[in-house]
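This report covers a pocket, a surface patch and some backbone details. Please keep the model in view while reading.

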Amino acid sequence: MTKQVRALSLCFLLTVFFTFPSYSQSKIDGVVVGTVGDQKITYGELKNNLNSDPNKQSSLKELEEFLPIYLEYKAKIKFAQDNGIFDSPKLVKELEIYAKQASYSYWINNRIKEAEFDYYYKRASTEVKSEHILISVPPNASPSDTLAAYKRLIEARNKFLNGTDLAELDPQYSSKQNGRSMGGDLSWFSIGTTIKEFEDVVYNLEKGEISMPFRTQFGYHIVHLQDKRPRTPSRYVSHIFTALGTKESKAKIEQAYNELKKDSLWSKTVLKYSDDNLSASNSGRLGWINHGKFRTDFTDSVMAIDPNLEYTRPIQTSYGYHIFRIDSVQTFKSEKERKESYMKEFLESSNFSKSNEYVINWIQKNVNDQIFKESITDLESFFHSKNTSLLKDISYSENEATIYKIKDFHFTKNEYIEYLTLTYPNIKATDYSNTWMSKFISQSIDSVIVELTTSEFPEFKDVIDNYKKGLAVYQVNDDYLWNASTVDTTELKQIYNNNPQNYIYQKRYHYYLLSALADSTLEKAVDFIRTGNSPDSIRSYFPRVAVSSDSVALSSDPPFDKLRDMKPNSFSLEFDHRNRKALFYLESILPSRKMTFNESFNRILSEYQPIREKEWLDDLKKTYKIKSDVNKLRSTFKKEKALK
């Protein structure tokens, strides 16, 4: 790893400060092991930037190798500050992009994941059985439509409380899709198998209780919790499957069963008989099965199987016919193992997401915010008074009243109106939707996410500052060390003129490589060239022939070794190349010659680069008076080791 690459990796190191166990340790960490101008680099700072894991002890060799790299890094930061690089538009823009996305990631990793998993884990050992009524309401429904759905569900709920079964109420009240009710009886399920809004309501009910109306992405629901029980252990299941709907399906599954009884290998029988193409190539493995992921009758059939059976007789479910094999029943040796398993399950479930929208929704629910309903009501009344006027055509009076607040960040009526006129300019004022405010809130949180993150997590400022320094160092490296456009070509030309023997093209073979699936197609291309046509035109006349062209020095690697014995304007014998028939056409042999300066530029630059870097870094060390004290580093390391 080069010094430059290692220095660049500092972009992503965060300084971690520890409270050490004794005064002696604190004193050791304060020992100065290097300086950059008047800036002192301590032993503790060096350790923390080499390795942010307090449980890992860096070796003396690692510290010695890292010290000059870190001192150069600190000097490059000073150079960037002195040359205005921290204020360059390119750096500022890149930092803005990084800071925003890093903010979302920081919330997930430092607050949301742990909080939501604790919530998930408390529910993960319970399964619930429920039934519901669903009235479909689109996301952009008008307030009158949502109110009508709410009232209908209250009516159904009251009837249930007065003794009418929900199964009887469902067909009367639930919306229909393809002629079937969208509500009704639900199978047993555990957490993570349905949408979170629905899950939250069900898990907060007592057995026999019915909810108040609530909204999900599908519309408005009421749900009745019929029963709760401990979660059934998941089973790892494989199957051989034949689909319903054909006369041969049952006979086919019986034939598969009979072959298994005759000691046919499971994997061989799966490949021969199973209609489930996705699992057949993997020995019929379906993975872990538990309640909520599949249809009720299928899951019930799986859970009823004696796990000690080698495989079952054919079983019919609503999917088709199966021969099941229970490969494993989930058990946990410890609470730690259970948590690790549920964490994996949680991260793959709909309860967890890394999207910005997920983070915004979580922040809104869990961080102190306030919607000023009186201001919204005033604005709605104002819009409804404007009849058919478009939002963009309405005159608004200035109003700095707060309409939404989160922590110490306020958003005014003026900002909301500006958002509406930009987002919905051609919509009538009377068509105002209550969903617009929620979208404005999401945009508002997004607009202050960096400041909000820093307010909630003060240490996040260090993350941004360190990344900013890393970007600046990268730009210094790019502009002054790596960028070809900033190199002094005078020195490169001097190297070129002083070492002409290093910049020579050896004898080269200019060839065309022709390939096709069929010999006959390749022969047509050969005849085409022999009759005086250019090989460059082959693609136009013979699309099935692949043509590549290049010049190479003599090579002993196949297939280019075939060029050795060829003469210009000749064809090689046919050979196999990447599962196709191929041959060479040698157009010419180019004699050895000296490269021009432009042709040799990249090679010279590559040779000159170490010299260029050394000269620049030597100037940097002089300018910023870089000094390292390796002896003090060694003695301090020994003292620290003796303490332990």
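Helix α14 gives the largest share of the lining of the largest pocket, seven residues. The model is predicted: local features need pLDDT of at least 70, side-chain atom pairs count only at pLDDT 80 or more, and totals for chains, interfaces and linings use all residues. Residues are numbered from 1 along each chain as its sequence is written, and side-chain values use heavy atoms, without hydrogens and water.

**Largest pocket**

The space in the largest pocket is about 1,700 Å³. Its lining has 35 residues, and Glu-197, Asn-361, Gln-364, Lys-365 and Ser-438 are the closest to the centre. At least two lining residues come from each of α8 (196-203), β8 (214-216), α14 (356-366), α15 (373-384) and α17 (435-447). By class, the lining holds eleven nonpolar, 14 polar and ten charged residues.

Some terms apply here. A pocket is an open set of points on a 1 Å grid over the protein atoms alone, where a 1.4 Å probe fits, with protein on both sides within 12 Å along at least five of seven lines; lining residues have an atom within 4 Å of a point. Volume is the space filled by probe spheres set on the points, which are joined across faces, edges and corners. Helices (H or I, at least four residues) and strands (E, at least two) are DSSP runs, numbered from the N terminus. Ala, Val, Leu, Ile, Met, Phe, Trp, Tyr, Cys and Pro count as nonpolar; Asp, Glu, Lys and Arg as charged; the others, Gly among them, as polar.

**Surface patch**

Leu-147, Tyr-150 and Met-212 make a nonpolar surface patch of about 260 Å². Patch residues have over 30% relative accessible area and no salt bridge, and nonpolar side chains are joined within 5 Å. Met-212 sits in the loop between α8 and β8.

**Backbone details**

Most residues other than glycine have a negative phi, and most peptide bonds are trans.

| Residue | Phi | Relative accessibility |
|---|---|---|
| Ser-283 | near 60° | 19% |
| Lys-407 | near 50° | 22% |

Ser-283 lies in the loop between α11 (277-280) and β11 (285-289). Ser-283 counts as buried, a class set at under 20%. Lys-407 is in the loop between β15 (402-406) and β16 (409-412), and counts as partly exposed.

The peptide bond from Pro-558 to Pro-559 is cis, with omega near 0°. Pro-559 belongs to the loop between β19 (546-553) and β20 (570-571).

Technical notes. Patches are made of residues with over 30% relative accessible area and no salt bridge: like charges are joined within 9 Å, nonpolar side chains (Val, Leu, Ile, Met, Phe, Trp, Tyr) within 5 Å. Accessible areas come from the Shrake-Rupley method with a 1.4 Å probe; for residues, only the protein chains shown count as cover. A salt bridge is a side-chain nitrogen of Lys or Arg within 4 Å of a carboxyl oxygen of Asp or Glu. Buried means under 20% relative accessible area, exposed over 50%, partly exposed in between (1.4 Å probe, protein chains only).
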